[in-house]
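New notebook page. I'll jot down what I look up, one topic at a time.

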Amino acid sequence: MEWLDALILGIVQGLTEYLPVSSSGHLEIFKKILGVDLPEDENLQFSVIVHAATVLSTIVVLWPMFSRLCKSFFTFKRGYDFDYVCKILLSCIPVGIVGVFFKEQVEEIFGSGLLVVGICLCVTAALLFFAHISDLRAANGLPRRGERRGMESASRGRNIGWWDAFVIGCAQAVAVLPGLSRSGTTIATGILLGDKRTEVAQFSFLMVILPILGECLLDVKDMLAPGAPVSETGAGALLIGFFAAFIVGCAACKWMVELVKKGKLVWFALYCVAMGILCILWPAA
């Protein structure tokens, strides 16, 4: 992989990991555009590097909350923060089941081309659109489930409950499909459930840390297994991809939290529809 390809793909990963447009789908799109056809071992190594970078960017941006939650959980100090961490752990169960028992099937779907990516991008757009309609109803005095009439838009909704955490976790498990945005799916699901926009955005970004770290550890195990092929991707290209994903990821994470607060996700629905149609038509071009 050339350093310029690594830079572009790192930027794409860092940006689209947080924006509701599907990082996996856009990586596939940009690999097609750049003509990058990596062997399985190199693709695995690059994926581990850029995903680790975005996990680190999440921790950096949400550090005050992240450190507080860790302190509460590991000191077994019962309260809101301890319960919040337990809800995050609960939300990770569905995607963990998918990762352990259906990993090979998911990997086969990733190799099925842009048609699946296009369809899933359109599904992402539909979820974002329905979440926007839910917000409009609330703005017009028709409260969503679990909220009171007259609440300000910045605090509209309720705190994430145990059932909400599990349902959002199921949404994350489904979002392993390429083109189905993880952040878009989980945030839209939380909004449709009636949760506060700001809280569901933070929950969405925090809940992905454990699954990505778990996936990275499994990938590292595969890379170090006896007989595993040695990647020919240079260390320079990997470092460029890592820092590009980390720096852009920090900016995108902050931006996305603000966008969710302001309820601006519907514009990404329009973008996802346009990109989805292009991906569906691409094979016929």
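Started with a helix pair: H8 passes H9 in a right-handed crossing. (Right-handed: the near helix is turned clockwise from the far one by less than a right angle.) Helices here are DSSP runs of H or I, at least four residues, numbered from the N terminus.

Ground rules before I go on. This is a predicted model, where local features need pLDDT of at least 70, side-chain atom pairs count only at pLDDT 80 or more, and totals for chains, interfaces and linings use all residues. Residues are numbered from 1 along each chain as its sequence is written, and side-chain values use heavy atoms, with hydrogens and water left out.

Back to the pair. I found H8 (residues 162-174) and H9 (residues 182-193) packing at about 150 degrees, axes 8 Å apart. That makes H8 roughly antiparallel to H9 (the term covers angles over 145 degrees).

Next, H10 (residues 197-207). I looked up how covered H10 is: 9 of its 11 residues are buried, meaning under 20% relative accessible area with a 1.4 Å probe, protein chains only. Among the buried ones I noted Arg197, Glu199, Phe203 and Met207.

Last, the surface. I found a nonpolar patch of Leu115, Ile119, Val123, Val273, Ile277, Ile280 and Leu281, about 550 Å² of accessible area together. (Patch members have over 30% relative accessible area and no salt bridge, and nonpolar side chains are joined within 5 Å.) H7 (114-139) and H13 (266-281) each supply at least two patch residues, and H13 gives the largest share, 4 residues.

How values were computed:
Patches are made of residues with over 30% relative accessible area and no salt bridge: like charges are joined within 9 Å, nonpolar side chains (Val, Leu, Ile, Met, Phe, Trp, Tyr) within 5 Å. Accessible areas come from the Shrake-Rupley method with a 1.4 Å probe; for residues, only the protein chains shown count as cover. A salt bridge is a side-chain nitrogen of Lys or Arg within 4 Å of a carboxyl oxygen of Asp or Glu. Axes are lines fitted to C-alpha atoms, for helices over the stretch in contact, and angles run from 0 to 180 degrees between N-to-C directions. Angles under 35 degrees count as roughly parallel, over 145 as roughly antiparallel, 65 to 115 as roughly perpendicular and the rest as oblique. Buried means under 20% relative accessible area, exposed over 50%, partly exposed in between (1.4 Å probe, protein chains only).
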